[in-house]
Amino acid sequence: MPNYLSFQLIAAIGAMGEFGGHDRRGTLAVPGRSAVIGTLGAALGRRRDQDFSDLDALGVAVASFDRTDPLRDYHTVQTVPSAAVKQPQSRPEALRDSGRRVNTTLTSRDYRTDCVFGVALWGDGLQRLAGALRHPVFLPFLGRKSCPLSAPFDPQVLPAANPAEALAHLRLPPWIGGRSMIEIVADEGTDLGASARVETRHDRAVDRVLWHFAQGRYAVAHPDIRAGEVPS
């Protein structure tokens, strides 16, 4: 059987990508592939302008244990019309010189609450990645910096028949309680231990500095698996 690296992502609230528009920042219900690769890069101490090709080559599966609930936060943003201030040197200068000649826009940020996710990886360098997750270089969080993790990653490298079986070995904290896997997402064609449908998401990082993403096809399944109960 192949080896998998499994670890957990647990947080009170999280934000997992989707289109980042000006008026609204949405979120997926489950962390996407790019979010997992970014988390691994942070644990290794890599910055966005460095090489991620080895991490992009990994197989990635992400599972949700029980459903999360949506949460929306509202913000107001002020913009300065070009007619109000000509060629400002900074945003504070523009706001200062514009006086009351500003445009105010209501924007929103979407989150998910009660986040309990599991990640399974396969490919090269799993032990090195497990070590980085135990001692991350950069502070990890679940999507945005306002979403700190509630528990350590607790990485494990172990053999399994498929990613879903690897995630059954998760050792969720006792205060989480029993959790059943309600959904698992991986690249199209991955054996997830159950029948799967295919979804399309813009979750393939093309340029991490400019935040450009390409379209990817993903398998989504619903195996009957409970964390901590390894299938026989």
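Arg217 is partly exposed, with a relative accessible area of 46%; by the convention used here, buried means under 20% relative accessible area, exposed over 50%, and partly exposed in between, with a 1.4 Å probe and protein chains only. Please note that this is a predicted model, in which local features need pLDDT of at least 70 and side-chain atom pairs count only at pLDDT 80 or more, while totals for chains, interfaces and linings use all residues. Residues are numbered from 1 along each chain as its sequence is written, and side-chain values use heavy atoms, with hydrogens and water left out.

Which side chain does Arg217 meet in a salt bridge? The partner is Glu188, at 2.8 Å from N to O. A salt bridge is taken here as a side-chain nitrogen of Lys or Arg within 4 Å of a carboxyl oxygen of Asp or Glu. This pair links distant parts of the chain, 29 residues apart: Arg217 belongs to strand β9 (residues 212-221), whereas Glu188 sits in the loop between β7 (181-187) and β8 (196-207). Strands are DSSP runs of E with at least two residues, helices are runs of H or I with at least four, and both are numbered from the N terminus. Glu188 also counts as partly exposed, at 40% relative accessibility.

The structure holds ten salt bridges. Another of them joins the side chains of Arg197 and Glu199, again at 2.8 Å from N to O. Arg197 has a relative accessible area of 37% and is partly exposed; Glu199 is partly exposed too, at 22%.

I turn next to Arg46. Its salt bridge with Asp54 brings the closest N and O atoms to 2.7 Å apart. Is Arg46 buried or exposed? Arg46 is buried, with a relative accessible area of 18%, whereas Asp54 is partly exposed at 32%. These two residues and Arg128 are linked in a network of salt bridges.

Finally, the cysteines. A disulfide is a covalent bond between the sulfur atoms of two cysteines; the criterion applied here is a pair of cysteine sulfur atoms within 2.5 Å. How many disulfides does a search of the whole structure find? The search finds zero. Cys115 is in no disulfide, and the nearest cysteine sulfur, that of Cys147, is 7.6 Å away. For Cys147, likewise in no disulfide, the nearest cysteine sulfur is that of Cys115. Cys115 is buried, with a relative accessible area of 1%, and Cys147 is buried at 0%.
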